[in-house]
Amino acid sequence: MRKNQNAAIAAIVISMLIFGTIGIFRRSIDLPSEVLSFARGVMGSLFLLLVMKVSGKEHDRAAVRRMLPLLLLSGALIGINWILLFEAYIYTSVAVATLCYYMAPVFVILASPLLLHEKITRRKGICVIVSVIGMVLVSGILDPGAAAGSASFKGVLLGLGAAALYASVVLLNKKITGVPVYDKTILQLSAASAVMIPYMLATGTLHTYPLKTGQLLALLTVGIVHTGIAYAMYFGAIEKLPAQTCALLSYIDPVTAVLLSAGLLHEPMSALTVLGAVLILGSAIAAEL
């Protein structure tokens, strides 16, 4: 039993480390965000279908039919969420975009009394306030040099928009019951890709793109590794661990992104940004405990 739990923890840690590098790869792919989101969803869903086929897992068609409207809606929100996040990586640093994205738990806490009829405890209320203070620091509003630096306010708004959509997906997923995780993820990834098609037609971005070898490899990595493999590892592991353990381990993702932003991309981080990062991640982890 303990051996299985250790393996599950290792799988989540590895998947979070993979997720934490997606901003690095996005920087090297010269594609519109909607095209990248479409390709990511297609490759990820096809890879998970292959995993199910090889492992002999059966589809629960009855459960899927019962929850189909919510699955399609949540998948569409995931697709739009990806667009906003990928755009945020363009307009601001990977660290700032990721920290904005991890305001999603705050939005979930604020919406839970209305949608889930859950009370906001004093501790969670304090965590929300601390997170908002951290977000103000990260946004660069209080930093005189922010306008010329990496913390573009447009990127901050895009990251917060992605966080709001991800929070919506989290809340919708609480309503999606009885659907096996692989079936749910495959359908959501497929819906995320499908919603991109009319958007790409409207924006004129639905056509072929000449990618260099390095860019093509980066695209395949995002679709297969960051989406297919990482999702398969993550969803295969969360069934074997307590929800709180999974939630706490998920913060390896933003920590990885922040460290890579500073160490690999050499993106500037002011003292206020570092303080804001500590406040956001610290309060989010405290809210999960």
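**View 1. His266 sits in the loop between α14 and α15.** The model is predicted: local features need pLDDT of at least 70, side-chain atom pairs count only at pLDDT 80 or more, and totals for chains, interfaces and linings use all residues. Residues are numbered from 1 along each chain as its sequence is written, and side-chain values use heavy atoms, with hydrogens and water left out. Helices are DSSP runs (H or I, at least four residues), as strands are (E, at least two), numbered from the N terminus. His266 is not a glycine, yet its phi is positive, about 55°. Most residues other than glycine have a negative phi. His266 is exposed, with a relative accessible area of 62%. Here buried means under 20% relative accessible area, exposed over 50%, and partly exposed in between (1.4 Å probe, protein chains only).

**View 2. Glu267 and Arg27 form a salt bridge.** The closest N and O atoms of the pair are 2.8 Å apart. The term requires a side-chain nitrogen of Lys or Arg within 4 Å of a carboxyl oxygen of Asp or Glu. A search of the whole structure finds one salt bridge. Glu267 lies in the loop between α14 and α15 (271–288) and Arg27 in helix α2 (residues 22–27), so the pair ties together parts 240 residues apart in sequence. Glu267 is buried, at 10% relative accessible area. Arg27 is partly exposed, at 37%.

**View 3. Val258 belongs to helix α14 (residues 252–263).** Its relative accessibility is 12%, so Val258 counts as buried. Neighbours within four places in sequence aside, Val258 is in contact with Ala95, Leu99 and Met269. Contact means heavy atoms within 4.5 Å. His59 is 199 residues from Val258 along the chain, and their C-alpha atoms are separated by 38 Å.

**View 4. Cys127 is part of helix α8 (residues 122–139).** Cys127 is buried, with 8% relative accessibility. Leaving out residues up to four places away in sequence, Cys127 touches Ser283, Ala286 and Ala287. Glu288 is 161 residues from Cys127 along the chain, yet 9.9 Å separates their C-alpha atoms.

**View 5. Gly75 lies in helix α5 (residues 68–91).** Gly75 has a relative accessible area of 0% and is buried. Residues up to four places away in sequence not counted, Gly75 touches Gln188, Ala191 and Ala192. Arg40 is 35 residues from Gly75 in sequence and 13 Å away, C-alpha to C-alpha.

**View 6. Helix α10 (residues 181–194) and helix α11 (residues 196–203) cross at roughly 15°.** Their axes come within 5 Å. That makes α10 roughly parallel to α11. Angles under 35 degrees count as roughly parallel, over 145 as roughly antiparallel, 65 to 115 as roughly perpendicular and the rest as oblique. Axes are lines fitted to C-alpha atoms, for helices over the stretch in contact; angles run from 0 to 180 degrees between N-to-C directions. On the α10 side, Ala192, Ser193 and Ala194 meet Met196, Ile197 and Pro198 of α11.

**View 7. A nonpolar surface patch is formed by Leu216, Leu217, Leu220 and Ile224.** Together these residues have about 320 Å² of accessible area. Leu217 is in helix α12 (residues 213–238). Leu217 counts as exposed, at 51% relative accessibility. Patch members have over 30% relative accessible area and no salt bridge; like charges are joined within 9 Å, nonpolar side chains (Val, Leu, Ile, Met, Phe, Trp, Tyr) within 5 Å. Areas come from the Shrake-Rupley method with a 1.4 Å probe; for residues, only the protein chains shown count as cover.
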